[in-house]
Amino acid sequence: MLIPDSRTLRSLLTRYADLRIAEARGERREGERLEDVSYTLCVVTGTTRVEDALTAADTLLAAHRGPKVRPVPSPAGRRDAELAA
């Protein structure tokens, strides 16, 4: 399976959110564009329902970020800090 680029996913999610907001405001002319971006999200994430596509996109973006790792100070660095105090 091809994994979509994180920028592509973010762009699609932003467009989807913008169009949903426009729809909620009653801007009916956006309906076709919302269908198009929903379909594209499904295709890119390999799903058939937009709800599943949103979940998959969130999961993929989390994987792109990777684990949060804090650098561990070296023992020598800690010793230097203790000596300075």
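First, a term I need: I call it a polar contact when a pair of N or O atoms lies within 3.5 Å; within protein, one must be able to donate a hydrogen and the other to accept it, and residues adjacent in sequence count only if both atoms are side-chain atoms. By that rule, I found the side chain of Thr47 in a polar contact with the side chain of Thr45, at 3.0 Å.

Ground rules. The model is predicted, so I take local features only at pLDDT of at least 70 and side-chain atom pairs only at pLDDT 80 or more, while totals for chains, interfaces and linings use all residues. I number residues from 1 along each chain as its sequence is written, and side-chain values use heavy atoms, with hydrogens and water left out.

Overall layout. I count 4 helices and 0 strands in the protein chain, where helices (H or I, at least four residues) and strands (E, at least two) are DSSP runs numbered from the N terminus. Along the sequence the pattern reads α-α-α-α. Of the 85 residues, 26% are buried (under 20% relative accessible area; exposed is over 50%, partly exposed in between, with a 1.4 Å probe and protein chains only).

Thr47 again. I place Thr47 in the loop between helix 2 and helix 3 (50-65). Leaving out residues up to four places away in sequence, Thr47 touches Cys42, Asp52, Ala53 and Ala56, contact being heavy atoms within 4.5 Å.

Helix 1 against helix 2. How do the two axes cross? For helix 1 (residues 6-24) and helix 2 (residues 31-45), I get axes that come within 9 Å and cross at roughly 150°. The axes are lines fitted to C-alpha atoms, for helices over the stretch in contact, and angles run from 0 to 180 degrees between N-to-C directions. That makes the pair roughly antiparallel (over 145 degrees; under 35 is roughly parallel, 65 to 115 roughly perpendicular and the rest oblique). Among the residues that meet there are Leu9, Tyr16 and Glu23 from helix 1 and Leu34, Ser38 and Val44 from helix 2.

Two residues up close. Beyond its neighbours within four places in sequence, I see Ser38 in contact with Tyr16 and Val50. Ala17 sits in helix 1 and counts as partly exposed at 34% relative accessibility. I also noted 9.2 Å between the C-alpha atoms of Ala17 and Leu34, which are 17 residues apart along the chain.
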